[in-house]
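The stops below can be selected one after another.

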Amino acid sequence: MTINQIMFLAQQNIEPIYLVLSTYGGNTDDMFSLYDIMKFIKCPIYTIGLGKVMSAGVLLLSAGTKGERRLGRRARIMIHPIKSQATGNIFEISNELNEFNKVQKQFEKCLKKETNLTSNEIKNLMGKGFDSYITTEKALKYGIIDKLI
């Protein structure tokens, strides 16, 4: 639904498009679909994070037009590695694990491109084995956002 709305606004030459995020995250396929549309359309997308921006939402927040990525001062930011509940026989699980590794690397590559985070910083945040909460000030320092509101 969000993708359709963004495409409609872009076709109507309504700019900038404001994308307000308050999310616990979601699956990586949906995240990358929205991310790709944000990068495909020509008009600027101003992102605003309010309340909670977690998991997949962190990449989407950071993917907004540089200089126009905002975050509420009391928002909660959380990042972690991708999650899955793979089931099946050993060969199916092994195949899924290979795919999860590719998706994780793709997520890290996109996050590095959109922020000031280095590969090591991203791995440290995601490699703790639990959710990593980031203060709003660190989100600004890491280049996830440009301004606090």
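What follows is a tour of selected residues and the contacts among them.

This is a predicted model, in which local features need pLDDT of at least 70 and side-chain atom pairs count only at pLDDT 80 or more, while totals for chains, interfaces and linings use all residues. Residues are numbered from 1 along each chain as its sequence is written, and side-chain values use heavy atoms, with hydrogens and water left out.

**Stop 1: salt bridges**

The structure holds seven salt bridges, each being a side-chain nitrogen of Lys or Arg within 4 Å of a carboxyl oxygen of Asp or Glu. Select Lys-39, Lys-66 and Glu-114, which are linked in a network of such bridges. Lys-39 pairs with Glu-114, their closest N and O atoms being 3.2 Å apart; because Lys-39 lies in helix α2 and Glu-114 in helix α4, this pair ties together parts that are 75 residues apart in sequence. Helices (H or I, at least four residues) and strands (E, at least two) are DSSP runs, numbered from the N terminus. Lys-66 also meets Glu-114 in a salt bridge, at 2.8 Å from N to O; Lys-66 lies in the loop between α3 and β3 (69–71), so this pair ties together parts that are 48 residues apart in sequence.

Is Glu-114 buried or exposed? Glu-114 is buried, with a relative accessible area of 3%, whereas Lys-39 is partly exposed at 36% and Lys-66 is partly exposed at 47%. Here buried means under 20% relative accessible area, exposed over 50%, and partly exposed in between (1.4 Å probe, protein chains only).

Next, select Asp-131 and Lys-83, whose side chains meet in a salt bridge of 3.8 Å, N to O. The pair links distant parts of the chain, with Asp-131 in the loop between α5 and β5 (132–134) and Lys-83 in the loop between β4 (76–79) and α4, 48 residues apart.

**Stop 2: an aromatic pair**

Rings of Phe, Tyr and Trp (its six-membered ring) pair if their centres lie within 6.5 Å, and planes under 30 degrees apart count as stacked, over 60 as edge-to-face and the rest as tilted. By this rule the count comes to one aromatic pair: Tyr-18 and Tyr-46, edge-to-face, at 5.3 Å centre to centre and with 80 degrees between the planes. Tyr-18 lies in strand β1 (residues 17–23) and Tyr-46 in strand β2 (residues 45–54), so the pair ties together parts that are 28 residues apart in sequence.

**Stop 3: backbone geometry**

Most residues other than glycine have a negative phi, and most peptide bonds are trans. Select the loop between α1 and β1, where Asn-13 lies; Asn-13 has a positive phi of about 55 degrees although it is not a glycine. Pro-16 is found in the loop between α1 (2–11) and β1, and a cis peptide bond joins Glu-15 and Pro-16, with omega about -5 degrees. Then move to Ser-55, in the loop between β2 and α3 (56–62), where phi is near 55 degrees, again a positive value in a residue other than glycine. Asn-13 counts as exposed at 62% relative accessibility, while Ser-55 is buried at 12%.
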